[in-house]
Amino acid sequence: MQTTIQLTLAPEIALDDENFRQHIIKKLRLRPGDNPVIRKTRQSIDARGRQVKINVQAEVYVNEIPPSLIQFQLEYQDVSKGPEAIIVGCGPAGMFAALRLIELGIKPVLFERGKDVRTRRRDLAAINKDHIVNPESNYCFGEGGAGTYSDGKLYTRSNKRGDIRRVLEIFVGHGASEQILIDTHPHIGTNKLPVVVSEMRESILKAGGEIHFDTKVTDLIIDQNKIKGVVTNNNQEHTAIGVILATGHSARDIYDLLHAKNILIESKSFAMGVRIEHPQNTIDKIQYHCETDRGPYLPAASYSLVTQTRYQGVQRGVFSFCMCPGGFIVPAATDAGEVVVNGMSPSRRDSPYANSGIVVSIEEADLLPYREYGPLAGLQMQKEMEATACKLAGATQTAPAQLAMDFVKGKVSSSLRETSYQPGLHAVDLREVLPPHIAFPLRDALSDFGQKMRGYLSGDAQLIGVESRTSSPVRIPRERESCEHPEIKGLFPCGEGAGYAGGIMSAAMDGERCAEQLAKLYAAVSQE
């Protein structure tokens with residue numbers, strides 16, 4: 001017998017396995033000999049009231065073996081002798097594109113400018129400890145992409161872009177916890193995602209695919225508006241039936257290459273700002289309405305904030321981005337002479353700090369001073385703000401920072417708080433780093449957020465700059481159905497770098513979609 005039950009429970013019952021089991025047995029009046037198997041299928045936290053509740057959906061099997069939670073089976077065929085498709089970039093878009101191509105009988109050949117996920121750790125340590133930025137291997141570039149060492153959040157609203165459950169199950173099949181199939185806001189954790197990424201690599205290689213690390217694509221081979229392949233940094237030419245361009249939002253050289261070759265690219269909306277850091281306990285007390293701490297059952301609290309401000313008569317959206325409970329702020333620069341920050345959380349979210357991007361939407365009028373750069377105007381604006389941040393903070397990876405209340409009041413902080421940001425902080429007036437159309441809306445938004453979350457704008461909150469890589473300011477256009485570039489046949493712009501994703505999940509789904517369209521094109525051409 002199988003029963004599905006939905007409950008709203010106190011945290012000490014819902015989030016303790018044995019307490020939860022005993023509660024279900026008692027509620028359903030099960031007998032000792034019923035041998036029940038109880039498993040959760042959905043779980044979310046409701047902290048809107050004074051008493052935090054947990055909404056749980058569970059399946060109960062009595063004298064019956066439950067079916068597997070996983071419907072998708074990892075059965076990848078041998079494609080070593082199949083037609084070859086090139087994938088540029090080994091982030092979630094590239095890796096999921098590769099796995100989908102294998103399912104469709106096509107051999108993926110991936111080129112990744114960075115290093116494998118394990119070797120990459122040394123370059124991350126060099127940024128944090130020695131302030132040395134390797135432009136080819138950092139928090140943005142390398143196996144697994146930017147998400148591998150900067151969080152592992154798997155929540156997305158893009159349920160119309162692909163099969164969310166399928167993507168989650170593929171992650172589980174490669175070593176992620178089944179908990180990601182249950183949580184409303186699933187999260188692997190930056191300490192566990194590298195292992196999952198390594199297993200995905202093995203699946204690609206065992207099926208006959210290729211992955212070339214430390215291999216940067218420097219040119220595209222185009223003949224009569226059709227892409228034939230790519231040229232890599234060792235001056236080798238590689239041909240293929242199609243190219244999926246999944247380079248991520250920080251591969252600026254790819255945008256420069258496309259622009260130089262007169263291949264159509266476009267500017268797109270984006271946002272920039274800072275990271276705000278609090279003690280996690282501060283956020284817990286605000287969100288969970290607790291006087292001291294959240295207790296032994298509740299996870300580190302998160303938040304989502306948005307407001308509208310006005311600057312010089314123009315309405316500006318300001319919002320939290322990539323909130324990391326129990327997390328760290330990390331240096332995400334991709335070259336020397338710039339400072340960029342991002343956030344991440346380990347799987348247990350047990351750091352004493354909470355951080356989130358607080359970013360301001362960039363309007364078309366903001367880019368007028370950069371109009372000579374054409375579709376790369378937003379990119380130039382990004383570069384200048386990152387360079388200013390670096391210069392004012394000491395020309396290393398030390399980040400410019402200011403207490404949030406001091407920023408609102410317009411004064412430089414005489415001292416800063418402890419931080420999770422390992423390279424260190426330097427007190428500056430962030431209005432010297434941020435242009436007015438970011439600084440003033442940010443100031444107004446922080447005041448509003450302090451009203452919405454009492455205690456948010458407090459003496460222990462500090463701003464750390466700059467959060468400038470929320471998304472790419474450039475879009476590589478493509479046809480809606482075929483996913484092909486409108487001018488270059490066989491070129492499939494994909495993922496965050498092309499402007500069609502905003503996180504691990506949406507990038508993974510977009511990778512699968514581009515793979516399917518590439519295979520469809522190949523099948524059509526083969527039949528001609």
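Student: What does L367 touch, not counting residues up to four places away in sequence?

Tutor: L367 touches F270, I362, A377, G378 and M381, where contact means heavy atoms within 4.5 Å. Keep in mind that this is a predicted model: local features need pLDDT of at least 70, side-chain atom pairs count only at pLDDT 80 or more, and totals for chains, interfaces and linings use all residues. Residues are numbered from 1 along each chain as its sequence is written, and side-chain values use heavy atoms, with hydrogens and water left out.

Student: Where does L367 lie, and how far is L367 from A377 in space?

Tutor: L367 is in the loop between β17 (353–361) and α9 (377–392). Helices (H or I, at least four residues) and strands (E, at least two) are DSSP runs, numbered from the N terminus. L367 and A377 are 10 residues apart in sequence and 6.1 Å apart in space, C-alpha to C-alpha.

Student: Why does L367 count as buried?

Tutor: Buried means under 20% relative accessible area, exposed over 50%, and partly exposed in between (1.4 Å probe, protein chains only). L367 comes in at 14%, so L367 counts as buried.

Student: And what makes N63 exposed but D214 partly exposed?

Tutor: N63 has 53% relative accessibility, so N63 counts as exposed. D214 has 47%, so D214 is partly exposed. N63 sits in the loop between β3 (53–61) and β4 (84–88), with phi near 50 degrees, a positive value in a residue other than glycine. D214 is in the loop between β6 (210–212) and β7 (217–223), and its phi, near 55 degrees, is positive too.

Student: Which residues of helix α7 (residues 252–260) are buried, and what do they pack against?

Tutor: In α7 the buried ones are R252, I254, Y255, L257 and L258. They pack against β7, β10 (243–245), α9, β21 (474–475) and α12 (495–498). Just after α7, N262 takes a positive phi of about 60 degrees.

Student: Why are α3 and α5 called roughly perpendicular?

Tutor: Helix α3 and helix α5 (residues 164–173) pack at an angle of about 95 degrees, with their axes 12 Å apart. Axes are lines fitted to C-alpha atoms, for helices over the stretch in contact, and angles run from 0 to 180 degrees between N-to-C directions. Under 35 degrees counts as roughly parallel, over 145 as roughly antiparallel, 65 to 115 as roughly perpendicular and the rest as oblique. So α3 and α5 are roughly perpendicular to each other.

Student: Which residues meet there?

Tutor: F96, L99, R100 and E103 in α3 meet R166, V167, I170 and F171 in α5. By class, that contact has five nonpolar, no polar and three charged residues (Ala, Val, Leu, Ile, Met, Phe, Trp, Tyr, Cys and Pro count as nonpolar, Asp, Glu, Lys and Arg as charged, and the others, Gly among them, as polar).

Student: What makes a space a cavity, and how many cavities of 30 Å³ or more are there?

Tutor: On a 1 Å grid over the protein atoms alone, a cavity is a set of points where a 1.4 Å probe fits but cannot get out, and lining residues have an atom within 4 Å of a point. By this rule there is one cavity of 30 Å³ or more. The largest cavity holds about 80 Å³, a volume being the space filled by probe spheres set on the points. Its lining includes M95, F96 and F171, and by class the lining has eight nonpolar, four polar and no charged residues.

Terms used
1 Å grid on protein atoms, 1.4 Å probe; cavity = no way out; pocket = protein on both sides within 12 Å on 5 of 7 lines; lining within 4 Å.
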